[in-house]
Amino acid sequence: MNPPTLIRRFVNQVLITTILLSTPVLLAGPVTYDTSKEAAPPTITDNDRWYFNIGMPGWFAFLSGDIGLHGATSNVGVDFGQIITHAAGIASISVEARKGHFGVYGDLLYMSLSAGLYGDGLVKKANLTVDSYIADGEVYYRVWESPRGWLDLRAGARYTNSFTRLELTSADSKVNQAAAQLVAAANQDLRDLLERLIHGALDPNRPPIPFPPLGQDEKLRLLRFIRDARRDPVTAQQRITRILQTQLNRGHGLTEYWTDPYIGIGGRYKLSKAFYMTGKVDVGGFDVNSTITVQAYAALGCHVTRSIYSELGFRYLYDDYDNGGYSYKVSTYGPQFTAGIEF
């Protein structure tokens, strides 16, 4: 028997064996499996996810109102152009984290302003500096959510810190002449004479930046020192000269800070796939520190991409604070542009 014949016989036997072994399986139909005991695959729902939002708000703010100190008041009317002109530094950021219905939110606004006032009296120059911090921290609960939007109940606290400094430079060429006038003046004319010599440089009624009348305290201090020096006519002029040189070439600082609780609501409504309306409002103070503080924000938003968004809106903040002779009744308001990322 030749080899090809042997190979054909071997192949035929293999085929016959395969058909015989497969017949019961083919006749039995498809095999079914009992999956009742298998573990279900894990599912991830929206409530299991963390959501984060980081924003960079740019607030084109205007300030108006009154800032007072020991009975003297500065009437503040500062527009955004003045703020930019006198800005030494501006920074703002907001952050948010949420899981399920609960979330936390915080934002910080820092602003540093400086300006110089020049006079032709005893005070040749007065440098004004303001460093302000406004920080909000809150928790919120999402009471309603749908594909069209959501609504949150919010509660938190607002921290305000304002540091102001007045740096003085005297006109040395006028000090001796002013000292002689102060020695010769009658007691009842001393205050008015000092006002004329200073020419109001220490407490401008409408400062170029939101600045309290710090010069009011300095004028009262000068008046006490001068009256005390006048008691000895022999040394009065020499002593008043030293007083003017010392007191009108120094800095005066004031730091005020307070925290107010607040409650509010916030929400969003979807206009289309890309555009939405958003807003929030809160009210607080409740005489804990401020008599009242109110903030409101409304904006039109756009999702540039799935994660990146931008908003154009209007923001308003009012504080009515009065404590220890310092009062701050100021409205801060203006358009705000925000760019941010959600993930």
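This is a predicted model: local features need pLDDT of at least 70, side-chain atom pairs count only at pLDDT 80 or more; totals for chains, interfaces and linings use all residues.
## Nonpolar surface patch

A nonpolar patch on the surface is formed by W50, F52, I54, M56, I93, V95, L108, Y133, V304, I308, I341 and F343. Together these residues have about 1100 Å² of accessible area. Strand β1 gives the most, with four residues.

W50 is found in strand β1. The relative accessible area of W50 is 48%, so W50 is partly exposed.

## Helix α6

Helix α6 covers residues 236-247 and has 12 residues. From its first C-alpha to its last, α6 reaches 16 Å, close to the 16 Å expected at 1.5 Å a residue.

Which residues of α6 are buried? They are A236, I240, T241, I243, L244 and Q247. These residues cover an arc of only 165° around the axis, and therefore they lie on the same side of α6. An α-helix has 3.6 residues a turn, so residues three or four places apart point the same way. The buried residues of α6 pack against β7 (149-170), α3 (175-184), α5 (215-229) and β8 (251-270).

## Salt bridges around D228

The model has 13 salt bridges. Side chains of opposite charge can pair when their charged atoms come close. D228 takes part in a salt bridge with R231, at 3.3 Å from N to O. R231 is exposed, with a relative accessible area of 69%, while D228 is partly exposed at 32% relative accessibility.

D228 also meets R239 in a salt bridge, at 3.1 Å from N to O. This pair links distant parts of the chain, with D228 in helix α5 and R239 in helix α6, 11 residues apart. R239 is partly exposed, with a relative accessible area of 27%.

## A buried pair and its network

The side chains of R158 and D136 form a salt bridge with an N to O distance of 3.0 Å. R158 lies in strand β7 and D136 in strand β6 (residues 123-146), so the pair ties together parts that are 22 residues apart in sequence.

Are R158 and D136 buried or exposed? R158 has 1% relative accessibility and counts as buried, because buried means under 20%. D136, at 6% relative accessibility, counts as buried too. Both residues belong to a network in which salt bridges that share partners join D136, E138, R154, R158 and D282.

Key:
Residues are numbered from 1 along each chain as its sequence is written. Side-chain values use heavy atoms; hydrogens and water are left out. Patches are made of residues with over 30% relative accessible area and no salt bridge: like charges are joined within 9 Å, nonpolar side chains (Val, Leu, Ile, Met, Phe, Trp, Tyr) within 5 Å. Accessible areas come from the Shrake-Rupley method with a 1.4 Å probe; for residues, only the protein chains shown count as cover. A salt bridge is a side-chain nitrogen of Lys or Arg within 4 Å of a carboxyl oxygen of Asp or Glu. Helices (H or I, at least four residues) and strands (E, at least two) are DSSP runs, numbered from the N terminus. Buried means under 20% relative accessible area, exposed over 50%, partly exposed in between (1.4 Å probe, protein chains only). The expected span of a helix is 1.5 Å times one less than its number of residues. The arc is that of the directions from the helix axis to the C-beta atoms. Contact means heavy atoms within 4.5 Å.
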